[in-house]
Amino acid sequence: MADTPFLFLIYVFDLFGTMAFAVTGAFKAIEHKSDIVGILILSIITGIAGGTIRDIVIGRFPPNSIIDPLYIVISTASGMVLFFLYPHLKKHWNLFLKFDAIGLGVFSITGATFAYQIFGLNFLAIAVAGILTAAGGGILRDVFVNEIPFVFVKELYVAASFVGILSFYVIMLVQIPLYLASIIGILITTVLRMVAMKYNWNLPRAHEKI
């Protein structure tokens, strides 16, 4: 369903998303006073967990993160870079948030694309794979440092992922090339997440009884 150059592009996107999320894992570990081992472990978990869960759920076994060492190498390298550069970056909380938004956009659509390659235009499969890829690593990252996951409390997160995935699906329905659908979906998710952070857009919450 996709030619070799595009499959390579998606692979590059997936590696980039791994790096972006690994950076957030390392950043979070350092903020919680972890040592170098804790930083690397959280970096790796955050970088590969979402894609690993996705692959298992959609039947790609063994997962890419197991058979391709680049996923671990990139996650580890990201953790090491943050370990050494953190003294210069600790005041830049926006760096964490921007990398998280980029990772969200990239992983939402790479996950959707992997599902499309296997199941075609099956929206449920595309949505589940995309959201699992986008949210899985971040949820585990926050749980490991004993925080309520971003996905549950912060500005549009899974909602931004879903909008990007839905856009990808609709674009595919009108038979626009897969590479364009993927790039547009990534941009929509990332921009929506960043705008939601800037303007503090949130989904409705239950009101506590007064």
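Predicted model: local features only at pLDDT ≥ 70, side-chain atom pairs only at ≥ 80, totals over all residues.

Reader: What makes a stretch of residues a helix?

Author: Helices are DSSP runs of H or I with at least four residues, strands are runs of E with at least two, and both are numbered from the N terminus. Helix α1 covers residues 4-31. It has 28 residues and reaches 41 Å from its first C-alpha to its last, close to the 40 Å expected at 1.5 Å a residue. The expected span is 1.5 Å times one less than the number of residues.

Reader: Why are α1 and α9 called roughly parallel?

Author: Helix α1 and helix α9 (residues 178-199) pack at an angle of about 20°, with their axes 10 Å apart. Axes are lines fitted to C-alpha atoms, for helices over the stretch in contact, and angles run from 0 to 180 degrees between N-to-C directions. Angles under 35 degrees count as roughly parallel, over 145 as roughly antiparallel, 65 to 115 as roughly perpendicular and the rest as oblique. The pair α1 and α9 is therefore roughly parallel.

Reader: Which residues of α1 and α9 meet?

Author: Phe 6, Ile 10 and Phe 13 of α1 meet Leu 178, Tyr 179, Ser 182, Ile 183 and Ile 186 of α9, where contact means heavy atoms within 4.5 Å. By class, this contact of α1 with α9 has 7 nonpolar, 1 polar and no charged residues. Ala, Val, Leu, Ile, Met, Phe, Trp, Tyr, Cys and Pro count as nonpolar, Asp, Glu, Lys and Arg as charged, and the others, Gly among them, as polar.

Reader: Why are α1 and α4 called oblique?

Author: The axes of α1 and helix α4 (residues 70-89) come within 8 Å and cross at roughly 40°. These two helices, α1 and α4, are therefore oblique to each other. Their contact divides into 15 nonpolar, 4 polar and 2 charged residues.

Reader: Why are α6 and α8 also called oblique?

Author: Helix α6 (residues 123-144) packs against α8 at an angle of about 140°, with the axes 10 Å apart. The relation of α6 to α8 is therefore oblique. By class, the contact of α6 with α8 has 12 nonpolar, 2 polar and no charged residues.

Reader: What makes Lys 33 worth noting?

Author: Lys 33 has a positive phi of about 65° although it is not a glycine. Most residues other than glycine have a negative phi, and most peptide bonds are trans. Lys 33 is found in the loop between α1 and α2.

Reader: Which form does the peptide bond from Phe 61 to Pro 62 take, cis or trans?

Author: That bond, from Phe 61 to Pro 62, is cis, with omega near 0°. Pro 62 is found in the loop between α2 (36-58) and α3 (64-67).

How values were computed:
Residues numbered from 1 in each chain as written. Heavy atoms only, no water.
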